[in-house]
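Reader: I have the sequence and the 3D view open. Can you take me through the contacts, one question at a time?

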Number of protein chains: 2
Amino acid sequence: MLKLTKKADYGLMALKYLAEHPETPALSAKDIADAYGIPAQLLAKILQLLTKSGLLRSHAGMNGGYALSRDAREISAYEVIHAIDGPFFITSCTKGAKSCDLTPSCTIKEPLARVNDTIAGVLRSISIYDLAERETPAGRAVAAQALVTLTL
Amino acid sequence: MLKLTKKADYGLMALKYLAEHPETPALSAKDIADAYGIPAQLLAKILQLLTKSGLLRSHAGMNGGYALSRDAREISAYEVIHAIDGPFFITSCTKGAKSCDLTPSCTIKEPLARVNDTIAGVLRSISIYDLAERETPAGRAVAAQALVTLTL
DNA sequence: CAGTATACGACCGTTTCTGTCCGCGTTTCA
DNA sequence: TGAAACGCGGACAGAAACGGTCGTATACTG
Ligand code: SF4
Ligand code: SF4
């Protein structure tokens with residue numbers, strides 16, 4: 001159920017890693033994969049997806065690799081998940097295309113759609129920068145605070 | 001990815017249906033299944049899970065069936081999901097037991113755990129009663145409003 | 001040119017999800 | 001006293017999603 005895929009998980013890790021190394025012009029998929037123990041070829045494909053979605057900039061050839069295309073603050077977890085796993089839907093009934101065959105009789109469709117939007121909002125309010133928070137040395141310096149209003 | 005299972009989906013529908021019929025002493029699994037077109041045997045097992053978790057009260061025999069064990073306002077979506085799909089975790093690394101094998105090197109574990117709690121909070125703030133909101137006839141009468149604070 | 005890197009698609013084993021079946025215990029009612 | 005209506009529980013099978021690998025083509029560097 002409500003679980004991130006490992007691909008999205010890996011994608012977030014990779015972006016965080018890139019956010020933590022802003023000095024380097026580019027990091028290869030293998031570099032990042034080795035840093036965490038992620039299967040390299042799999043990570044490569046994930047990074048390709050992120051590139052295709054415009055979150056990363058890639059560069060082939062020696063000393064090539066990937067770099068963030070924007071500031072880490074401007075990349076939300078929602079975008080990452082969307083880029084890797086496709087459209088974000090809590091339910092099986094995507095409003096656009098084919099859905100679960102009992103959409104007509106279903107009465108919780110609309111309420112759940114609002115829940116969906118709420119959770120999407122939470123995800124949207126989280127940036128890669130937030131994840132990359134460096135070692136809050138003194139105590140527990142709260143970094144980001146977002147207010148989400150749930151409206152049913 | 002972040003998607004409700006159909007079981008949880010069905011479970012919510014069923015509870016909503018029960019909440020909408022407080023007068024009847026009990027509704028059978030078949031009654032509810034027929035009302036929506038849900039596979040009856042599957043719904044039956046779902047209702048059994050909800051009963052085992054104490055959200056429903058069951059009664060065997062003729063004219064038996066299920067009834068809410070508490071007021072619809074006191075049953076949260078979180079409880080339903082938890083009862084049907086088990087512990088709620090966004091990531092594959094449950095803090096309790098065996099997890100994804102790269103937990104040691106992983107650096108987004110803690111931040112994601114907080115995201116997990118936030119989403120769980122959202123789900124906890126939604127009750128069956130909220131879903132069962134009867135026809136907001138005039139315009140769009142906002143029913144419930146919950147405030148969730150996201151703290152990374 | 002040789003070496004390093006991304007790009008892209010095919011493929012496959014595993015797990016999870018969805019749904020069905022069957023036999024059993026319980027309650028009601030004729 | 002028995003049949004019917006119902007919940008309970010496990011086993012199981014088909015389908016889909018996931019996680020991961022491989023091979024090959026392409027692009028860039030020096
Ligand atoms: S239609 Fe109702 S049942 Fe089918 S997916 Fe959407 S919400 Fe779940
Ligand atoms: S450990 Fe890191 S990678 Fe493994 S599941 Fe938890 S978060 Fe995802």
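Reader: Which residue has a polar backbone atom 3.5 Å from a sugar or linking oxygen of DNA strand D?
Author: The model is predicted. Here the protein partner is a backbone atom, and the DNA partner is a sugar or linking oxygen. The residue is B:Gly61.

Reader: Which residue places a polar side-chain atom 2.9 Å from a phosphate oxygen of DNA strand D?
Author: Two side chains are worth checking. At 2.9 Å, the residue is B:Tyr66.

Reader: What share of the atoms of DNA strand D within 4 Å of the protein belong to sugar or phosphate?
Author: These atoms divide between bases on one side and sugar or phosphate on the other. The sugar or phosphate share is 67%.

Reader: How many charged residues does the surface near DNA strand D have?
Author: Chain A supplies at least two residues each from α1 (6-20) and α3 (40-52). From chain B, α3 (40-52), β1 (56-59) and β2 (65-68) each do likewise. By class, the surface has ten nonpolar and ten polar residues, and the charged ones number four.

Reader: Why is the site of ligand 2 shared between chains?
Author: A:Asp9 and A:Met13 are among the residues around ligand 2. B:Ser92, B:Cys93 and B:Cys100 are also among them. The site is shared because the residues surrounding ligand 2 come from chains A and B.

Reader: How many residues of the shell around ligand 2 are nonpolar?
Author: One residue of the shell is charged and two are polar. The nonpolar residues number five.

Key
Residues numbered from 1 in each chain as written. Chains lettered and ligands numbered in written order. Predicted model: local features only at pLDDT ≥ 70, side-chain atom pairs only at ≥ 80, totals over all residues. Heavy atoms only, no water. Near = heavy atom within 4 Å. Nonpolar A, V, L, I, M, F, W, Y, C, P; charged D, E, K, R; others polar. Polar contact = N/O pair within 3.5 Å; in protein donor to acceptor, adjacent residues only side chain to side chain. Helix = DSSP H or I, 4+ residues; strand = E, 2+ residues; numbered from the N terminus.
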